[in-house]
Amino acid sequence: MEEALLRAVLFGTPILLASLGALLSERAGVVNLGVEGMMALSALAAFAVAQEAGPALGALAGVGVGVFLGLFLGVFTVSLRANQFVAGLALAALGLGASGLLGKRYEGVPLAHPLPEEGFALLALGLALALHYLLLGSRFGLYLRSVGENPRAADLFGVNVDGVRYGALGLGGGLVGLAGAYLSLAYRPSWTDGMTSGLGWVAIALVILAAWQPLRAVLGAYLFGLLFFLQFRLQGSVPIPSEAFAAMPYLLVILVLSLSGRTRAPKALGVPFERGR
């Protein structure tokens, strides 16, 4: 039982970090469907830097790439007011393609000094608590929630809507980048093309499951982590095809998305803001 709970937490940690990043941008009204590609590029950057300068700097590199990609998405969704869904999907495809191409030289190369998984797990839990406070107990959180609900009213009260959305995308991107760094520096201390394995999409679904609440995201991430653990633990011990176990987490994602209409998203989610209109 203890092993199952521990593995659920460790399996769920990258999902939690990525979902917190997506949640932060969505509370500001910006849909980020690029999480999968952002995780992949961040994982590659973290591993590449770790090979040359150590895992600590590698983790910082992963976070930095995540921040950059979040702000890069903001150029299109905030400044150019492009369709947020199309821009996010394009970023996901770009990140996956670029990481696969650039990471070929690191395939099969082990990381000499991996970071402890438990440290990342504790950090992720602490960040969830910090984000809960940020959203509900700080001035920036008030501005962020206002921008996500009614950006026009926030603008009338002097809030820089675009600035808040860029801030949310940058901070959220950093959390997604940390999730990618965890994959290549701790969870699987190596680089493999496709190592994100759809976790970014699971994280996006978890935001809906958690009703855009950070503490609920913690429980949801660990639930997904338990499903991933059972997927490997039960294979071969029960007369069920392995494909059925592999599909379990993603079947839950489909169920979550089918029920998404029952949760109330931020009112301005996915809607570009244009002053004066």
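Let's start with one side chain: Phe-76 is partly exposed, with a relative accessible area of 32%. By partly exposed I mean between the two cut-offs, where buried is under 20% relative accessible area and exposed is over 50%, using a 1.4 Å probe and protein chains only. Before I go on, this is a predicted model, so local features need pLDDT of at least 70, side-chain atom pairs count only at pLDDT 80 or more, and totals for chains, interfaces and linings use all residues. Residues are numbered from 1 along each chain as its sequence is written, and side-chain values use heavy atoms, with hydrogens and water left out.

Back to Phe-76, which lies in helix α3. Helices here are DSSP runs of H or I with at least four residues, strands are runs of E with at least two, and the numbering goes from the N terminus. Phe-76 belongs to a nonpolar surface patch of about 550 Å², together with Phe-68, Phe-72, Val-75, Leu-80 and Leu-94. Helix α3, residues 55-79, gives the largest share of that patch, 4 residues. A salt bridge is a side-chain nitrogen of Lys or Arg within 4 Å of a carboxyl oxygen of Asp or Glu.

Now the whole chain. There are 11 helices and 0 strands. Buried residues make up 51% of the 277 residues. The chain exposes about 12,400 Å², and carbon and sulfur atoms supply 68% of that; these areas come from the Shrake-Rupley method with a 1.4 Å probe, and for residues only the protein chains shown count as cover. Of the contacts between residues at least 6 apart in sequence, 81% join residues at least 24 apart. Contact means heavy atoms within 4.5 Å.

Which helix is mostly covered? That's α9, where 9 of its 11 residues are buried. Among them are Leu-199, Gly-200, Val-202 and Ala-203. Take Ala-203: its relative accessible area is 0%. Setting aside residues up to four places away in sequence, Ala-203 touches Ile-15, Ala-18 and Ser-19. Ser-19 is 184 residues from Ala-203 in sequence, yet their C-alpha atoms are 4.5 Å apart in space.

Most residues other than glycine have a negative phi. Ala-211 has a positive phi of about 55 degrees although it is not a glycine. Trp-212 is in the loop between α9 and α10 too, and its phi is also positive, about 60 degrees. Is Trp-212 buried or exposed? Trp-212 is buried, with a relative accessible area of 5%.

Last stop, helix α6, residues 139-149. Its buried residues are Gly-141, Leu-144, Val-147 and Gly-148. Why are they on the same side of α6? Because they cover an arc of only 125 degrees around the axis, the arc being that of the directions from the helix axis to the C-beta atoms. And what do the buried residues of α6 pack against? The partners are α1 (2-27), α5 (117-137), α7 (151-156) and α8 (161-187).

Note on methods: Patch = residues over 30% accessible without salt bridge, like charges linked within 9 Å, V, L, I, M, F, W, Y side chains within 5 Å.
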